Amino acid sequence: MDDTKYDEFGNYIGPELATSSEEEDESDVEASNAAAAPAAGDDSDAEASEGDSEGGDGRLIAMTQRLEVSQTQIVLHEDKQYYPDAEDVFGPDVEVLVQEEDTQALTVPIVAPAATRRFEVAAEQDLPDTTYAKEFLVDLLGCPEMVRNIAVAGHLHHGKTALVDVLVAATHAWPEWDREPPIATPTTKMPRPNEKAFGYTDVLQLERHRGVSLKATPVSLVAQTTRGKSYALNVLDTPGHVNFVDEVIAAMRMADGLVLVVDAVEGVMASTRRAICAAVREGLSITLVVNKVDRLIVELKLPPADAYYKLKLTIEEVNGAIAECPGSSAAARLSPELGNVCFASAAFGWCFSLESFARRYIDTWGMPVQPRELARRLWGDVYYHPERRTFMRKRAEGGGDAKRSFVHFVLEPLYKIFAQVVGEDEPALRPVLESLGITLRKSDYAMDARSLLRRVLCHFFGPPTGFVDMCAAHVRSPLEAAPAKTERLYAGPADSAAAAAMRQCDPDGPLVVAVAKQYPSADASEFYVLGRILSGHISVDQRVRVLGEAFAPGDDEDMASATVAAAWIYCARYKIPVSGLGAGGWVLLGGVDGSIGKTATIVGADVPLGDLAIVRPLPLPAESVVRIAVEPVVPTELPKMLSGLRKIGKSYPSAQMRVEESGEHIVLGTGELYMDCIMHDLRNVYAEIEIKVADP
């Protein structure tokens, strides 16, 4: 044992270390050897070639020495490299982002995909197939006497959207209609429709989620009367909820007539009376559709005679509500024999008037009478005697078996069809349907009773020509309604050139467009304005002046110039682009919404400044009394919230925004559902931020 490596207590201390002077001597020797190496390398090439093998051994020894030095030297922690750099792995041309763990949630991608904001139902990519040419619709809109502008209004869940669906299904290729009834608001004993089976005018996702219409949505189409004459119908489907009465008022500003939809079981309700009074104030022609007649048969199970009294009571209730409105006239009476009342079951896809039902009898049996003469005898205290084959105003003596003509000719056949389809199998049902001229496929008979009944009734009644007859006869055309419309709406002098052109609905006069509604684009980045052309002709790339609600002659502060970027005919799920439209029609304009708050008046740029005047703002019957205070969760997102509030004001006619002295932003609406829809759109559509709401 070497005692020099242990101390006097037996502890191992190792060999002696070299002194500092000895280390300096070793370093000097290494430096001299390194200086001598280049000098030896300056020898001739021959000597270098002879010493290749010796030089290789020298390099190996040097590498071994360096390796030993690198293994034994001290390396700082920050200089250690355990893994290759990102540049070595991905290359110098690749940008590498290094994120800390706590700067981004695991659910958020580092590179987010391009998101497309869409709060509407996927619109039609191409124009759908229709029973008419799109050019024919545009040409008909150029003839004001062949146009009917109507608003469909009524109480909640009375079938307004479903009635419009019947019109759309009769003129459009709509596969979902054939497979399942697209009922937006299911009634009792009715299964909820699938994802595609919704109303054609329910284009908002929120409408489908809630099951009610929230916006007035227009549809323009061409429909035929029972005589085969075509009319262009501009139809506005309106909400029935009491909070959205502002949408009904905006629709009536655009229309010349009101189609009032009333449930045959529920009768006149609160929203029905509001719609009637608003139509009387606006001077609109009122027509009636008694909807859901099938409920009298399927749900209430009334006999035909009692069903007649129920229908008569519903019509009399509507007449009583019209008579109670101030300003109504006796000429506004509704009665089926006058032609201004239709009966419908939108859930089963049929609608008829007395004249259209009479024409079916005449065409089937070859009766030598006029449909209108027969229709006059199908309502009221008119009885039919089968033995005498005559109509009488009262029952004759001994004629106890005589029935009311409406019961005998309309209700009893309808009840028999319901009973046969529901109660009989295919072998017994097929000959009965073939005798009525209804031919079904074998797969149709395998459907459930409700679907089969709907298919049979759609074939039996055919297109809703009776509805078109009612609109053509009892709703004034834009040409006929222009004088009264101008007197009621135009705030300018009555002897001006613009007023004269508006009274004549002159397409060659000065341009005047009354804007009543604004609709956001699919991604809510801009708004399109829906207006009625009162006079003149509007075209794409035309320079116009936009007059706001606060415009007054001599004060042009609320006036702006704009260029029409695009023009369409709005048809709910699709738009028909046009180069221009004339007086009497509805047009959807793009590129002119920058200065519009809620409503506006668009006039031509060539109109003299002294002749400018506006169309009066909407007379909203309900004040916005429900108020909430809003603020963003993140204070730096306040500009986004203010931009969203401005868009809310455009989209909701009754919505109001205020800023209190304390700095609070106040939003006012007409009710709880109204405010809930506003906050949904503000959070998810227009601002896309988290917003705090104070207690009301």
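Trainee: Before we start, what does "buried" mean here?
Mentor: Buried means under 20% relative accessible area. Keep in mind that this is a predicted model.

Trainee: How many residues of β16 are buried?
Mentor: Six of the six, so β16 is largely enclosed by the rest of the structure.

Trainee: Which strands does β16 pair with?
Mentor: Strand β19, residues 586–590, pairs with β16 in the antiparallel sense over three bridges. A567 stands opposite L589 there. β17 also pairs antiparallel with β16, over four bridges. In that pairing, C571 has Y574 of β17 as its bridge partner.

Trainee: What links β16 to β17?
Mentor: They form a hairpin with two residues between the strands. A572 in that hairpin takes a positive phi near 65°.

Trainee: Which other residues have a positive phi?
Mentor: D541 is one of them, with phi near 70°. D541 sits in the loop between β13 (537–539) and β14 (543–547). E688 is another, at about 55°, although it is not a glycine. The E688 loop runs between α22 (672–686) and β24 (691–693).

Trainee: How exposed are D541 and E688?
Mentor: D541 counts as exposed, because its relative accessibility is 60% and the cut-off is over 50%. E688 has a relative accessible area of 43%, so it is partly exposed.

Trainee: Switching to helices. Which residues of α5 are buried?
Mentor: K134, L137, L140 and L141. Seen down the axis of α5, they fall within an arc of 120°, so they line one face of the helix.

Trainee: Why would residues spaced like that end up on one face?
Mentor: An α-helix has 3.6 residues a turn, so residues three or four places apart point the same way.

Trainee: What's on the face of α5 turned away from the buried side?
Mentor: That face carries the exposed residues E135 and D139.

Trainee: And what do the buried residues of α5 pack against?
Mentor: Strands β1 (147–154), β2 (217–224), β3 (230–237), β16 (566–571), β17 (574–577) and β18 (580–582). So our enclosed strand β16 turns up again.

Trainee: Which residues make the nonpolar surface patch?
Mentor: V89, F90, V94, V96 and V98. The patch is about 490 Å². V96 lies in the loop between α4 (86–90) and α5 (134–141). At 39% relative accessibility, V96 counts as partly exposed.

Trainee: Another topic: what order do the strands take in the open sheet with β8?
Mentor: The order is β9-β8-β10, with antiparallel pairing. β9 (390–392) and β10 (403–404) are the edge strands, and each pairs on one side only. β8, residues 383–385, pairs with β10 over two bridges. Y384 has K403 in β10 as its bridge partner.

Trainee: Last one, the whole chain. How many helices and strands, and what share is buried?
Mentor: There are 22 helices and 24 strands. Of the 696 residues, 49% are buried. The chain exposes about 35400 Å², and carbon and sulfur atoms supply 52% of that. Among contacts with a separation of 6 or more, 69% join residues 24 or more positions apart.

Conventions:
Residues numbered from 1 in each chain as written. Predicted model: local features only at pLDDT ≥ 70, side-chain atom pairs only at ≥ 80, totals over all residues. Heavy atoms only, no water. Buried < 20%, exposed > 50% of the residue type's maximum accessible area, 1.4 Å probe, protein only. Contact = heavy atoms within 4.5 Å. Areas by Shrake-Rupley, 256 points an atom, 1.4 Å probe, with all protein chains shown as cover. Pairing = 2+ DSSP bridges. Patch = residues over 30% accessible without salt bridge, like charges linked within 9 Å, V, L, I, M, F, W, Y side chains within 5 Å. Salt bridge = Lys/Arg side-chain N within 4 Å of Asp/Glu carboxyl O. Arc of directions from axis to C-beta.
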